[in-house]
Amino acid sequence: MTSKAPDPADFLRERLPVHREWRRHLHKHPETAFNEHETSAFLVERLSAMGLEVAHGLAGTGVVATLKGRSPGPAIGLRADMDALPISETGVMAYRSVNAGTSHACGHDGHMTMLLAAADYLSGQADIGGTVHFVFQPAEEAAGGGRRMVEEGLFETFPVDRIFGLHNWPGLPLGQVAVQPGPMMAAMDLFSFHVHARGVHAAMPHLGTDAIVAAGALVGSLQTIVSRVTDPSRALVLSLTQIHGGESLNALPDHVELRGTLRYFDAETGATAQHRMRETAAGVARSHDVAIDFDVWPAYPVTRNDAAASRVMARAARLMPDAPPLVGQFAPSTASEDFAFMLQARPGAYAWIGNGRETALHNPAFDFNDDLIPIGARYWIEVARAALGQADATRIQAVSSSQGDDQ
Ligand SMILES: [Zn+2]
Ligand SMILES: [Zn+2]
C-alpha cells in the first residue's frame, strides 16, 4: 500500500500521474448506458486495492465502495456517473476511444477518476468519523441508471443521511464551484404525436387527408405554448426533436410521427403545457380531418438541492485553496440529470465544478480536463469532511468572516 501523506494537496500532487492514467484508461475504453462492464471491473479493482468494502451489480454495472470510520458519525454518499455516449470522438490524442462510435463526451471518465482519487486519499485516513459510500452509477445519459439504483435498494443497502453529486462544467473557470439550494437542473418529459390520415396519390389530395400538412400546422401551433400560454417568469422549453413520415415522392403518407421533449422547474407549468399540447392536437386533428394520438411521459424529475446539503457543498467550496469564488446563486440549467432520483429519495445536493474550457458537453471533441482531477478530488475530500462535521473549525471561521455567512 502507498504511504499516504496527511495533507490532501501533497497526496494528490504525488499521485496525479497514477490518477491521470486511470482517467485516460477510462477515456480510451468508454461504454454506454448499462454496458459499463469493463468500467465496473476497473473500478472494483482500484477500490478493492484501497482496502475498501466493494459491492457491485446494483443496477447491473453499478459499484459502491464503503469506507467505515473508526468513530461513529453520519453516513454520506458521494456519487459519480459511469457511462459514455454514442458519439464518435473527433480527438486524435493517444488515449482516444477505441470503441467505435462511443466516447466520454460528457466527462464521466473524469467524474469517476475524481471520486476514485478522493477515495484513494480518504481510505488512508484513520480519523474519519462516520461512513462514506462511494457510489458509481451507470447510465446517467437518458437511461435512468440513478432511478434503477434507487429502485434496487441503494439507500436500503447503503443508508445515507445525505447524498452528493458533482458534474464538470464548461464555461466556468477551472475549479469554480456553482451550487445553490432548490433547482439545479430541469424536469424532463418526453412526448410523441402520431398523426393518422388517409394517404392517397399526391396528384389527387382531395381524395384523402394529409398527415404532413396537419403535422406542419401542429409544429407551428405548439410554438405558441411557451410564447402565449405559460407564465413568462416560469421557465418552459418545448422542443420537437424528430419528425418522421412519408416514403414516396408521389404519395401522401397516412402516418407522420413527431417526438420531442419538455423541460420545466415546477409541476404546474409542466401540467399546463401538457394540457395545452393535448388540446392543440385535438384542434389540429379536427381542422385537418385527421386523428392525432398524443402521449407524454415523465423521464427525469427536477434536480432539487436540499438547502442544508447545499450549504455543506458551498462551505466545502470556500475551503478550497486557490479556487475562484463560489457561485451561490444562478439560473438553473434547463438540461436534466438523473441524480434527481437520488435527491428525491434522500436529502442531498448536486454541484457543478468549472473545467476551465469552452468545449460543450456532448461535443464530439470533448475531452475531460486532467487539470481538474486533483481539484475535483480535493473538493470531494472537503465535501466529505464538511458533511461528516470534520472540516477544520479554524479554517471555517476564517473563511466565513472574510466571505460572509453562507446561509
Ligand atoms: Zn451528458
Ligand atoms: Zn454528464
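**Start of H8.** I count a polar contact as a pair of N or O atoms within 3.5 Å; within protein, one must be able to donate a hydrogen and the other to accept it, and residues adjacent in sequence count only if both atoms are side-chain atoms. I went to the start of H8 and found a side-chain oxygen of aspartate 306 within 3.2 Å of the backbone nitrogen of alanine 308. Helices (H or I, at least four residues) and strands (E, at least two) are DSSP runs, numbered from the N terminus.

**Ground rules.** This is a predicted model: local features need pLDDT of at least 70 and side-chain atom pairs pLDDT 80 or more, while totals for chains, interfaces and linings use all residues. Residues are numbered from 1 along each chain as written, chains are lettered from A and ligands numbered from 1 in written order, and side-chain values use heavy atoms, without hydrogens and water.

I checked the span of helix H8 (residues 307-318).

Which residues of H8 are buried? I list Ala309, Ser310, Val312, Met313, Ala314, Ala316 and Ala317. Buried means under 20% relative accessible area, exposed over 50%, partly exposed in between (1.4 Å probe, protein chains only). These buried residues pack against strands S5 (162-169), S6 (177-178), S12 (303-305) and S13 (348-354), and against helix H10 (372-387). Contact here means heavy atoms within 4.5 Å.

**The sheet.** I traced seven strands in an open sheet, in the order S1-S2-S4-S3-S5-S13-S6, with mixed pairing. The edges are S1 (53-58) and S6, each pairing on one side only. Two strands pair if DSSP finds at least two bridges between them.

I then followed S2 (residues 62-68). With S4 (residues 129-137), S2 pairs in the antiparallel sense over six bridges. Lysine 68 stands opposite threonine 131 in S4. With S1, S2 is again antiparallel, over five bridges. Histidine 56 has valine 63 in S2 as its bridge partner. The hairpin of S1 and S2 has three residues between the strands, and there alanine 59 takes a positive phi near 55°. Six of the seven residues of S2 are buried, so this strand is largely enclosed by the rest of the structure.

Which helices lie on the sheet? Helix H2 (residues 37-49) touches S1, S2 and S4, and its direction makes about 10° with that of S2. H10 lies across S3 (71-81), S5, S6 and S13, running at about 160° to S5. Axes are lines fitted to C-alpha atoms, for helices over the stretch in contact, and angles run from 0 to 180 degrees between N-to-C directions.

**Zinc.** Which protein atoms are donors of the zinc ion (ligand 2)? I find Cys106 (SG), His108 (NE2) and His167 (NE2), lying 2.1 to 2.3 Å from the ion. Donors are N, O and S atoms within 2.8 Å of the metal (3.2 Å for Na, K and Ca); water is not among the atoms, so sites may look incomplete. The spacing of the donor residues in sequence is C-x1-H-x58-H. The zinc ion (ligand 1) is 3.1 Å from ligand 2, and cysteine 106 coordinates both. Cysteine 106 sits in the loop between S3 and helix H3 (108-122), histidine 167 in S5; the two are 61 residues apart and link distant parts of the chain. Both are buried.

**Three loop residues.** I read a relative accessible area of 68%, so proline 86 is exposed. Leaving out residues up to four places away in sequence, proline 86 touches Thr32 and Gly101.

Aspartate 370 lies between S13 and H10. Is aspartate 370 buried or exposed? It is buried, at 8%. Its side chain makes a polar contact with the side chain of arginine 23 (2.7 Å). With the four-place exclusion, aspartate 370 touches Arg20, Arg23 and Arg24.

Aspartate 231 is in the loop between helix H6 (211-228) and strand S9 (236-245). At 37%, aspartate 231 is partly exposed. Its side chain makes a polar contact with that of serine 233 (2.8 Å). Threonine 269 is 38 residues away along the chain, yet the C-alpha atoms of aspartate 231 and threonine 269 are separated by 7.8 Å.
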